[in-house]
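Let's take a walk through this fold, starting with its charged pairs and ending at its sheet. Have the structure open as you read.

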Amino acid sequence: MRWIALIILFSSSAALAQTKLYFFDFGSLSLEDISMFNLTAEETEVRELFVPCYLIEHEKGRLLWDGGLPKPYADAGQISLEGGSATYENWIVDQLAAMGITPGDISHAAYSHLHYDHAGAANYFLESKVLMQKAEWEAAFGGESGAFVETEWFDKLKTADVEILEGDHDVFGDGSVKLIYTPGHTPGHQSLYVDLEATGPLILSGDLFHFRANRTLRRPPNFNVDAEQTLESMDKIEQLIKETGATLWIEHDKALADSLNKAPAYYD
């Protein structure tokens with residue numbers, strides 16, 4: 001039994017050692033008013049939200065996490081939006097190509113949710129197995145997922161290989177990459193847990209939190225589909241952080257993004 005335990009431990013460590021996380025720049029959103037995030041101007045000075053994308057490399061495949069802003073945004077470079085603007089200079093497919101990676105090389109794709117700034121590239125990764133929460137899929141295509149859902153950016157997923165999930169999901173089967181069901185922002189919102197050998201465990205927040213103040217004040221944005229459910233999801237993630245010692249990366253946190261190494265550098 002002792003040898004079996006050692007073999008299991010060695011195998012798990014070997015898989016973990018090969019896991020890498022790449023961090024990509026998908027642009028940023030500049031805001032004139034943050035009241036829709038249920039925050040006052042006095043509660044945070046931040047007015048710019050970073051838009052990221054991540055690639056997780058594992059011995060069993062590659063996972064694209066979040067799909068950022070749509071291609072027309074990158075083509076334009078800067079677009080005026082109601083109450084602000086979006087800046088995006090380097091299309092994700094081009095960023096991947098610079099690393100010798102094509103969309104067909106991505107085995108799995110998962111989106112925290114289907115808002116335009118998280119699933120904007122979804123139609124370009126149709127060869128990947130898409131990992132989607134049932135509640136998100138049904139609400140998005142049923143027109144009930146709330147504001148900021150523009151199906152034109154992800155409608156081709158209907159022809160993709162979609163694995164419908166109902167809750168947490170172990171992507172590669174060894175516990176190193178897990179989708180964590182955190183509904184409330186949208187009906188099927190999910191976050192991502194990644195355990196890296198050198199960096200340690202990370203949790204990528206999706207839009208569970210937009211600003212650090214949303215976390216410290218435990219305050220959901222006004223446009224979330226279910227505020228109470230959001231609070232429950234916040235508690236779930238805080239408990240996971242307590243249990244695992246994971247570091248939380250708030251995906252829209254510009255200050256955090258500025259401190260991170262962008263692809264082709266990686267975290268392992």
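## Salt bridges, then the sheet

Nine salt bridges turn up here, counting a side-chain nitrogen of Lys or Arg within 4 Å of a carboxyl oxygen of Asp or Glu. Keep in mind that this is a predicted model, where local features need pLDDT of at least 70, side-chain atom pairs count only at pLDDT 80 or more, and totals for chains, interfaces and linings use all residues. Residues are numbered from 1 along each chain as its sequence is written, and side-chain values use heavy atoms, with hydrogens and water left out.

Take Lys 236 and Asp 168, whose side chains form a salt bridge at 2.9 Å, N to O. That pair links distant parts of the chain, 68 residues apart: Lys 236 is in helix α6 (residues 227–244), Asp 168 in the loop between β8 and β9 (169–170). Helices (H or I, at least four residues) and strands (E, at least two) are DSSP runs, numbered from the N terminus.

Glu 238 and Arg 215 also meet in a salt bridge, 2.8 Å from N to O. Glu 238 sits in helix α6 and Arg 215 in helix α5 (residues 212–216), so this pair ties together parts 23 residues apart in sequence.

Now the sheet: eight strands form an open one in the order β4-β5-β1-β2-β3-β6-β7-β8, with mixed pairing; two strands pair if DSSP finds at least two bridges between them. Strand β7 (residues 129–133) runs parallel to β8, joined by five bridges, and Gln 133 stands opposite Leu 165 in β8.
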